Structures are given as C-alpha cells and as structure tokens.
2 protein chains.
Amino acid sequence: MVNRYLSLVSLEEAIETIMTRCPPERRVVRIPLLESVGQVTAEPVFAYYSVPEAHLSAMDGIAVRSEDTTGATDKKPILLDSAVRVNTGNVLPPGSDAVIMIEDVEEHEGRYTIRRPAAPWQHVRPVGEDIAESEMAIPRGHRIMYHDIGALAAYGITDLAVSSLRAGLIPTGSELVPHGTRPGPGQVVESNCLMAAAHLRSLGVDAILYPPVADEQDAIRSAISEAVESCDLVIVSAGSSKGTKDYTARIIEELGEVLIHGVSIKPGKPVIVGRINATPIIGLPGYPLSALTIIREIITPVIRMAGARPPDYGTITAELTRTLASDIGTDEFVLMTAGEVAGRMIATPLSRGAGVQMSAVRSNGVLRIPRDSEGAETGQSVEITLSVSEETIRSGLILAGSHDPALDRMADLLAPLPVHSAHIGSMGGVLALKRRHCHAAPMHLLAPDGTYNLRYLERYLPGEEVTLVCVAEREQGIVSREGLSFEDITTGSFVNRQKGSGTRMLLDHLLKERGIDPGSITGYTREMTTHLAVALAVKSGEADTGLCVASAAETAGLSFVPIGTERYELAIMTEDLPDPRISALIETIGSDSFRSILSGMGGYRTGETGTVQTLHL
Amino acid sequence: MVNRYLSLVSLEEAIETIMTRCPPERRVVRIPLLESVGQVTAEPVFAYYSVPEAHLSAMDGIAVRSEDTTGATDKKPILLDSAVRVNTGNVLPPGSDAVIMIEDVEEHEGRYTIRRPAAPWQHVRPVGEDIAESEMAIPRGHRIMYHDIGALAAYGITDLAVSSLRAGLIPTGSELVPHGTRPGPGQVVESNCLMAAAHLRSLGVDAILYPPVADEQDAIRSAISEAVESCDLVIVSAGSSKGTKDYTARIIEELGEVLIHGVSIKPGKPVIVGRINATPIIGLPGYPLSALTIIREIITPVIRMAGARPPDYGTITAELTRTLASDIGTDEFVLMTAGEVAGRMIATPLSRGAGVQMSAVRSNGVLRIPRDSEGAETGQSVEITLSVSEETIRSGLILAGSHDPALDRMADLLAPLPVHSAHIGSMGGVLALKRRHCHAAPMHLLAPDGTYNLRYLERYLPGEEVTLVCVAEREQGIVSREGLSFEDITTGSFVNRQKGSGTRMLLDHLLKERGIDPGSITGYTREMTTHLAVALAVKSGEADTGLCVASAAETAGLSFVPIGTERYELAIMTEDLPDPRISALIETIGSDSFRSILSGMGGYRTGETGTVQTLHL
C-alpha cells in the first residue's frame, strides 16, 4: 500500500518526466473538411483535379484568338467574325487564347469591333492557375485555417486525416453525484472532470468523460484499464492523496508504473504521474482549485507540446496590493484580479482556499510565487500570467470594500464592462482607495456624530478630492430563525462580521451605546465576510442571531428585525470621474433599472440612490 | 436595375456603416453548461445552493468542540470523549466546530488524546465558504472560461443563457456544384460560403449554410427573404458585381436598402452592404480571394464588435523581398509569406490572382498597402498582420527558386516545421539567396561547360561560403500526348517555362546547340511557372509539346521522351548550417524515406541524393 508521497519533484521535472517517459501520442482520424479548422493534418493533401480544369475567362468580355487582333488601332479598328461573348468564369471556346473586356468592345448584331490588339493569354485564367491535378496542397503537420477550407473544398477534398488526441477522464469518489443532481449532505457534484473536459475540448482534444466511480478499488481499476485501452492520455480525478481510500496510486502501480507522486506546487501537491504501457496517466487532487492548478500548469503544457494551441494572453507587470506569504521550496500559484487604476496596473490576490471555486471565477490572472521565495510584499512589482486579454484587464472596474448583493446586480447592469469586487470591509476599502488600489470603495461607516462615511474619509484621506455616490439607504437588522431582536444577542449564540466591516462597526457602536460587553456574546469572535454567510450560518443553526442586511435574511428565508438604515455609498477619487468606466458606474447607479432592482430585492430605500457629493477633504 | 457601383467608400466607412446602420444583434439561447466555453452569458447566473451546504472537514482528522480542547499541552494532554473521526470533505457532526489533523492525534480504542488546543473553526470549510445560496456567480456579459464550468457545475447549473449570433450563408451562381461533387467544365465547387461558415463557427457563431441557389432572381429573392427571417446577419456569396446576372444588389434594394455597393479595396471591391429590416446583409464578391478579403477585413471586425474573439496574432515588421505596385485610392491587401532569415524578418508577396486560393494556403500573413501609397519597394520595412503565431513564423524554412514536386514531399517529411516555397525559377533563387531572402535556393542551372549550378554561384555570389545539397539527378524531357521528341518542337505548338527557370535555360542551351531560332517555335513566349502546369497545358491540347520533369508527365498521364538528367540541388549559405531548420532539411534529404519517395515518383536518380558540397566561391 502506497501511504506516503514519493519524494516531491518540481513542476518542471513533472512535465519533463511526462514528455520523456510517456508523451501522449496522437492518433490519426478522418474528419469532415468543414469541421477541421484548427486541426493538424496527419497526411499530405493532394488536389483531386486542376483548378481551373479549363482555361477560363477572367473578365466579362469577348474571347478571341490573339493573332486575329494584331494591328487594331483607333484609326484601323478590326471587326472580328469569330469572337464569342463570355462572362467571368466561362470556359474559353477552343482556339481562343485571350479575352477583351466588354468595355473595350463595340457590338453590332453579334459581331465585335476592337481598337486595340489583345496580348496572348490576357484576362485568361489558365488550366491549373490555382493548383494542378495531384499537386500537394498541404503537407502533413499543417494547422488548418479557414481559408484552407475554401481552397481544399475547391480542390475536391471532402474529408481529412488529422492527428487527434483522445483523453479519458475518470471521476472517482463515493461522495460524487453527477452534474445536474442535487447533492445531499456531504455529497458534491463532480466538477473537476467536467472542467477538464470542457477545457480539453476547447483545445481540440477528443475528451471522453467516464461516469463517476465509487471509492472501490476494483471499480476504479477496471475504469482505468478500460480508459487506457482506448485513450492517449488518462486523467483520474481524486484519490491521489494518502488517505485510506486513495487508491489511484496503488492501482497505477499494479497496472503500470507510478513515476511521480507529489509535486512541490501549491495548490495541487498530491498529484500522481504514471504510465500504463505507453499511456500517460495523471491523478488529479480532489480540491477544485488544486485540480485546476494541475490542469493549467501540467496538463495544458503537455497538451501544448502534443500540438494543441491553448490561448496565450501573455503577462503583465502589476503592483501587488496585499502581502502574500508562501513556503520556501514550493511553487505557489495564486489566482489574482488585475486591473488598471490611476494609470498603474495593480493585482489583488483572491482567496487561496482550495475549495473556493469563486476565486477562479473572479480571477483574470495568476501569480506564481517561485519556490525560492518566501512571498511578495504589498507594493512589490509582480508578473501576472493573464487568462483574458490585456485589453479586457485594462477595461475592468475594481471595487474594494464592503460587500452587498446590490453590487453584484450593479455589475450585471454594467456588462460587458468587467467588474471586480474585493470583499474586504468598509475600512479595507477606504485604505485601498487611499493607496489607489481600487476605483471605488463601497462603504457604510457610522461615525459617533451619527453621520456616515464622511468622517472616515476626512480622517484617512485628508486633503484629497473625493466623490461619494449613494447606492442606497440600507436596512441592517437582526437575522434569526425565530423573530429574535437585538435584545436577544446575548442569550443565544451570535455570528459576527470581520473586523473593519461597517456592520461590525455598527454592532460595536450599538453595544457601546447600550453598555454591553462584547465578551458576553457567544460567537462574537466568529467572523463571516458577507451578509449572506451570516444569514446562512443562522439558517443552518450554527448561530441563533446575526447582524445583516434585509436582502440576505430574505434570501435565506429568515426573520429580520430592523435596527435602522445606514447610508451605503461608493467613495471615488474625484479625478477619476472623467474615466469612462467611472461615468458608466455612476450612470448605472442613477438608472431606473438599478432602482427598480433594489426595490425588488427588499431592504433598500432608494430616495438617495444616485446622489453625488463632491468632497474637499 | 443597378448596373453601376455606387460611389466607392473606404474600408473604415464600410465597417462604420454596418455598425451604425444595422449592427448585428445577438439573440439569447440556452445551451448546456459543458458546451459554453468561450460563450458570453446573456443573463446573470446565481448559485442554486450554497457550497458547501454544511460545515465540512478540510482535513483528515477528528472533529471536536474547540472549547473541549482548551489548555491541552504536551505536559497536560486531554483525552477527548466525544471526538469523531472525519476525512476531508465529511460533514462535521452537530456541535463540533473544529478539526484536528490526524497527525496531531493519538488514538486508543476509539478515543483520542490531543496535546494542543484547537482554535474555533480551524480546518473547517464553513457553509457558503465558496458561494452562498442565490448569490450571483457570474453577471451577464461574462465570457465563460473552463474554470467557470467547474464552479457552475458545482453550484447546480446545468445550462446557461448565452448571447449568440446566427449568420445565414447563401451561395448563389448557376456554375456552382455542392461540395463533394466533381465539377464539370465551367463549373466550380461552392467554397466561399463553406470557408465563411468554417470561420464563423470557429468564432462561436451559429452559421447556417443554405444550399446553392441558381442565378435566378426569384430563387435568390426567396432564399434571402427566408434567411433574413431567421438570422442576425446574412451573407450572400457572389452576384455582387455589375454583370447581367448579378442580382444581389437589386434584390436587396427591393426588400430593403443597399447602403454600400463597392468598397475601395483590392481584392474585394464589388462588395455590397445592405439591410433588410434591421438585419445586415453582405454581398460577397465571387472570386475566392476577394471573398476571403471581405471575410477577413469587414465581416471579422464586425463579428468582433458583436462580441466574438477572433484570434489575434499581432503584427511583425519585415523587409519586403519584391517590389509591389498598387493603385492610389485603393487599400490593397496582399497575402504574404513571412519568415526569419539570417536574423532578419523578411516577407515575400504571394500571387495576387484573385482565383489563386493556394496563395491563401501558403500565406502566413497579410500586407495592407494603404490607399495613399503607390506600393512598396524591395527592401522596404513593411508591417505584416500575422495569421499564425510569431513563433510559427520564426520557425519556418524559406525556399526560393526552381520548383519540383519533390520539394513538396520533402516539406511533408519536415512536418511540423513549416516550409514555404516561392516558385521563382533557379536564377530567381540564386538572387534571393544572395539577398538573404531565403534559406535555400533549389536550382538546376546548366553552364556551357556542362556542369550544373557551381558556375552560377561563382558568378553571382563571389567570395561567399555556400553549401550545395543534391536533391536528385532529375530527368528532363519532352512531354506530349503522342510520343513526340525534341525534334518535334518546331512543328506543333510548344509551351515554355518562365525566364530564369533552369528548364528554360536548358531549352535555350539545346536550341543554341542545334542552331534553332526561338522565334520559329510557336508558343515559345507562352510561360508556365511549374512543371505540372506545362504537362497539363499539353494534356488539355493547348500545346503539343513542352519541356518538364518526368514526374509531371507521369502525373498528367502523358508521354515523356528524356533529353538527359540534370543536377537538382539546394544552395545554402554555409553559415546557416548550424541552424536547426537547416540541419533538419539536410537530414531529411539524406533520409531513406525521402529516397524511397523519389524512387516511387519516377524520373529521379537518387545516387547523388543527399551529397553535400562545401564551396568557397
């Protein structure tokens, strides 16, 4: 039983091991011509016949024998007896060897007068002008482009031999339910192989998705054996760790050879590389972002070396907005949101939780922290490998601050402008705005004088020109399963928001006002980063009360007792107002459709929505 | 009846007219999640349930109540009664709020001893860590990437509303036969719409290919009416000129409005832009390269503005190897072969014949000669828009000189290394080599002393270090339908090769030797650029004799009477020998597989094949 990682190898060694010990071998398949764009020919392609097969007229005009036209001038026009009217593409009549354009001809009762001689073969497309019968049109190894389709169709080709890679994808795990099934407690939808299949297919790989296999050694063994028979590359999802039910490595060892178990990258360390006969087999780790990292950093380069052309959006250099610590000896890959703020490229790391797939959804690039580095500091220049075009990166709007579901709806209205929201709480947003790490900071910070936001901007951005745009006046209140109110938060258990969030500050303000000691509240230290997470914690029974906005309580189907409204605003540097992204943002917030969406969500008062205050701090 | 071009507009005006007067409107369609990579969402997508839906263990270990672990140390271990063994992904038992890794635990008869306290929520994936029920995962306008597929599958999404463009493609012309049918005399395979369909589909457009319609006004009208009903963009191939059977413009005028007839670009001038209701309709010119130019320069930018992402390989600056004249007032697009020779990027124009689809097949980029320019000179720096990656451009091998079918077979063996051959005759090749416009010059130039190639290199590349690699000794002879020999070339009609080709020089040498006046040969001035073209001209009856290699005569099924063998060699600058492309070339020529291909083709003697001579000229 394999119950340890073999010594870890580097990412580069892992790729090299695959390419030297068991490179995926492409097979030859015939496909219809029309489906071949982007595919690579496996055999040379020859024209079935010449194009054109006869001499054709290249113009609308008359076909002539050039020798009959010798000497024609304005003064000595020639009347031709045997000229024939032809249109572009007509076959030249026998004996004719030139075409005179219809514009240069005078017709009278089917006979033609010319005033200039015709050079032999003028305006004629001779036999084989494009290609001659049996001539090679395309060698093997040629990637078919759309203009090749036109040419090959014209040369009589209907199908092509192309080299194709077939990958088999085997999801394993007793906890898996197939895509489209509602998972029960402790179950998850199989998504790693789906993701890999979608990716491989988009690269022209013939990806075969096998049904999920339970964690049973015999079942997994027979699935792998079957896949190895018919595929050029086999990917097994999960079972690659060292748990008691992680069978992948030992089955590969039985049927073939484990070449690598464990690569010094994060996430994704417990990956397996093996071979069965000559077929490479890769065991993916189970966590979605671990699997994604292996797909991106190992499988994609291998597929590329086997002839696929994954899109390459290049890299940008950006300023890191948050310090990232990383282990020496491990290449760490961190999903990032990059964007352009105040003329500088900035990049913000997303959650590194290997189960947080939304980090991938929200990302537009990835940062590699090399194994000889302990991380990167705020403000440091880092290189981001992009997953979208640089143009898309530069077009994005970056928000950082307090989260509210209304922001997601606003982002939706702003489409196709990409909107990136970092949920770092109101205070985090103010600091990000100060450092020019975002375009707009959504905030709701209550000052002791009862005003919102202004006092904090005065304190943290003194001397700056800032514009506040009101999103809405928002109801905050106590969420519970049984209609509890603020008075009940010391009796049962509570769930809190993270430090620096406006909601947390509102809570602390209320506690202080009423002389309640935070230490007396069970769960005061339990922190959630969104309103919905608070509501769901209450819904699941983990806590009895929490403080959140009305929309979150409504979404979770829970009771909501308002404490009051607060002003939820976006702070923007005034100098950014001419930026078309910012104008679009402000216009959207002031739009009727946004106001009507807010009303539909519940818990928002929209009287102030869209009002703009220009501040000289 | 429309029988003139409306005043020509520029390319930019044509695109702007479409985008302002009748921009293609995308429709909303639902597609399976797994097929959505690269598509753009038309609606926001919300999570159907939270992920995870319960608190999960993030590690293999034991689930505990953190308060039970307070105070545990090495000296004061705690024996836990109520801890439960959990694996990664298991649901936490009610009451537990932390997981301790199995490595940090001592087990004894189902009870666990710990030596360190657990922080609340350590190694736990809380409810909604990834996403909360009903939270927006993706706004509208988001281009789906493969990692989104994994996330959305996990959130319960099985299908998506995406915005999709449906294009209808109508081929017209009585001369058309459908793809897969052998065209008769004067017929052609419909390929323009096939090419457009393959292109549009590769960009995610739903392209509907209508069957070819004959040149009948009613038939074309009803095809267009039908397509306009169900498509967002209609493309009609051909019938866009001003010929008597060019109905497209007048039908658009009947059903809607012709906005543009004629754009000042070449090839592709007679294009039509119109609209019927709000649907844009584009009439393509019939010549394949004219149609290709409109697809590339007008339709692709329009599709791009409507949301598609055509691949963009950028541009390179290269040295033009041949002077190109162009008309003032017309933007001309010339297909090019670009490559790197001697550390410089060079670019060679391909045939500008609008019917020569092989120019597109052979091209790897396009040069735009702007309307305010009369052309570009040899040696001038020009900007080439690439149709393949710059890496592919740089990896290519450039041959220029005399053509032989053996070169195509050699290129096939060299795959996937791209090989570009310019057919410019032996002398053209020598001059191209001198100017470093090619890597290798295939040549067969007979000197008066009876030797091949050497004398010409001495004369044109004095002082240079050149290596000659013998491809084969090749039989040249008289091709005819009825076993004619050299003596017969003055009696019937002859077809010649272009000036500077080795075959032409061999002919002139033989004529001079025998005192024959070229003027006495009918067809001496009729020039073909390949051996096969010569053979096919004889086959078609256009000429009675020609001079070519045996393989060409054999391909055409004609009689061949040898005149003698000639040494067909590649001239290479010796300093280029270390270039891996050149080593691969020389190795391939010397290989058994190449020799056996030559033997199979007939007309080659392979005794000298692969021999290398290093010359100090």
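Which residue in S13(A) is the bridge partner of A:Thr41? In this predicted model, the bridge partner of A:Thr41 in S13(A) is A:Val162.

For chain A as a whole, the secondary structure amounts to 16 helices and 39 strands. The domain assignment divides the chain into domain 1 (11-26 + 165-305), domain 2 (28-51 + 130-164), domain 3 (56-125), domain 4 (315-395) and domain 5 (425-616). Between the centres of domain 2 of chain A and domain 3 of chain A, taken over C-alpha atoms, there is a separation of 37 Å. The C-alpha atoms of chain A fill a box of roughly 115 × 70 × 45 Å along the principal axes, and the radius of gyration of chain A is 34 Å, whereas a compact globule of 617 residues would have one near 25 Å. Of the 617 residues in chain A, 54% are buried. Among the contacts in chain A with a separation of 6 or more, 75% are made by residues 24 or more positions apart.

Helix H13 (residues 531-539) of chain A is largely enclosed by the rest of the structure, because 9 of its 9 residues are buried. The buried residues of H13(A) include A:His531 and A:Lys539 as well as A:Leu532, A:Val534 and A:Leu536, and what covers them includes strand S33 (465-480), strand S34 (494-497), strand S35 (527-528), strand S36 (545-549) and helix H14 (550-555) of chain A. Just after H13(A), A:Gly541 adopts a positive phi of about 90°.

Helix H10 (residues 425-434) of chain A is mostly covered, with 8 of its 10 residues buried, among them A:Gly425, A:Met427, A:Val430 and A:Leu433. The buried residues of H10(A) pack against strand S30 (397-401), strand S32 (440-443), helix H11 (454-460), helix H12 (502-513) and strand S37 (559-573) of chain A. Just after H10(A), a positive phi of about 60° is found at A:Arg436.

The contact between the chains takes 82 residues from chain B and 82 residues from chain A. On the side of chain B that touches chain A, the elements giving two or more residues include helix H3 (192-202), helix H6 (288-305) and helix H13 (531-539) of chain B, while the largest share, 8 residues, comes from H2(B). By class, this side of chain B has 40 nonpolar, 28 polar and 14 charged residues.

The largest nonpolar core has 183 residues, of which A:Ile149, B:Val534, B:Ala535 and B:Ala571 touch the most other members; H6(B) gives the most to this core, with 9 residues. When residues up to four places away in sequence are not counted, B:Ala571 touches several residues, including B:Val430, B:Leu433, B:Met443, B:Asn453 and B:Leu468. A second, separate core of 181 residues includes A:Ile220, A:Ile260, A:Tyr524 and B:Leu33.

Definitions and conventions
Residues are numbered from 1 along each chain as its sequence is written. Chains are lettered from A and ligands numbered from 1 in the order in which they are written. This is a predicted model: local features need pLDDT of at least 70, side-chain atom pairs count only at pLDDT 80 or more; totals for chains, interfaces and linings use all residues. Two residues are in contact if their C-beta atoms, placed from the backbone, lie within 7 Å. Helices (H or I, at least four residues) and strands (E, at least two) are DSSP runs, numbered from the N terminus. Ala, Val, Leu, Ile, Met, Phe, Trp, Tyr, Cys and Pro count as nonpolar, Asp, Glu, Lys and Arg as charged, and the others, Gly among them, as polar. Domain bounds come from an automatic or database domain assignment. A nonpolar core is a set of buried Ala, Val, Leu, Ile, Met, Phe, Trp, Tyr and Cys residues joined through C-beta atoms within 7 Å. A residue is buried if 20 or more other C-beta atoms lie within 10 Å of its own, exposed if 12 or fewer, and partly exposed in between; C-beta atoms are placed from the backbone. The radius of gyration is taken over C-alpha atoms; the globule rule is 2.2 Å times the number of residues to the power 0.38. Two strands pair if DSSP finds at least two bridges between them.
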